[in-house]
Amino acid sequence: SWNIPSGQAPSVYSVYRSSVAGGLAGGGIPDPLLQISSGNAVTSIIDSPGASGLYYYAATAFNRIGQESRLSEVAPVLLDLGSPSAEIIIPSSIIET
């Protein structure tokens, strides 16, 4: 999720994702090939990249006449889709034989 910018609230937002560090440049011009969501009237999305790894996200805002802002600051997100594991040690003194 992200905060609404100060001043006039945008009408909609777009979200961009890259799996490459530097693939999104905060304050830069958005690359349409990295857009994962558009037309969002709310300030959050749910994304499922499909593989574990480090992803970088940025958002843009659109004004009422459809002009898109530059990219927001980039937020890194580490996604771990692996199953959690735990080691359980049962003392032999509580095992009935």
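Good morning. A search of the whole structure finds 1 salt bridge, and I shall begin with that pair. Please bear in mind throughout that this is a predicted model.

Which two residues meet in the salt bridge? They are arginine 17 and aspartate 47, whose side chains come together at 2.6 Å, taken from N to O. The two partners belong to distant parts of the chain, 30 residues apart: arginine 17 sits in strand β1, and aspartate 47 sits in the loop between β2 and β3. As a general point, side chains of opposite charge can pair when their charged atoms come close.

The protein chain contains 4 strands and 0 helices, and its elements follow the order β-β-β-β from the N terminus. Of its 97 residues, 22% count as buried. The chain exposes about 7,100 Å², and carbon and sulfur atoms supply 55% of that area. If we take the contacts between residues at least 6 apart in sequence, 62% of them join residues at least 24 apart.

How does β1 pair with its neighbours? With strand β3, residues 53-62, β1 runs antiparallel, and 7 bridges join the two. Within β3, tyrosine 56 stands opposite serine 18. With β2, the pairing is also antiparallel, over 3 bridges. There, valine 15 has serine 37 of β2 standing opposite.

Why is asparagine 40 classed as buried? Its relative accessible area is 13%, and the cut-off for buried is under 20%, so asparagine 40 falls in that class. Leaving aside residues up to four places away in sequence, asparagine 40 touches Ser11, Val12, Tyr13, Ser14, Val15 and Ile45.

To close, I return to the opening point: the salt bridge joins arginine 17 and aspartate 47, and the strand that carries arginine 17 pairs with both β3 and β2. Thank you for your attention.

Terms used: Residues are numbered from 1 along each chain as its sequence is written. This is a predicted model: local features need pLDDT of at least 70, side-chain atom pairs count only at pLDDT 80 or more; totals for chains, interfaces and linings use all residues. Side-chain values use heavy atoms; hydrogens and water are left out. Buried means under 20% relative accessible area, exposed over 50%, partly exposed in between (1.4 Å probe, protein chains only). Contact means heavy atoms within 4.5 Å. Accessible areas come from the Shrake-Rupley method with a 1.4 Å probe; for residues, only the protein chains shown count as cover. Two strands pair if DSSP finds at least two bridges between them. A salt bridge is a side-chain nitrogen of Lys or Arg within 4 Å of a carboxyl oxygen of Asp or Glu.
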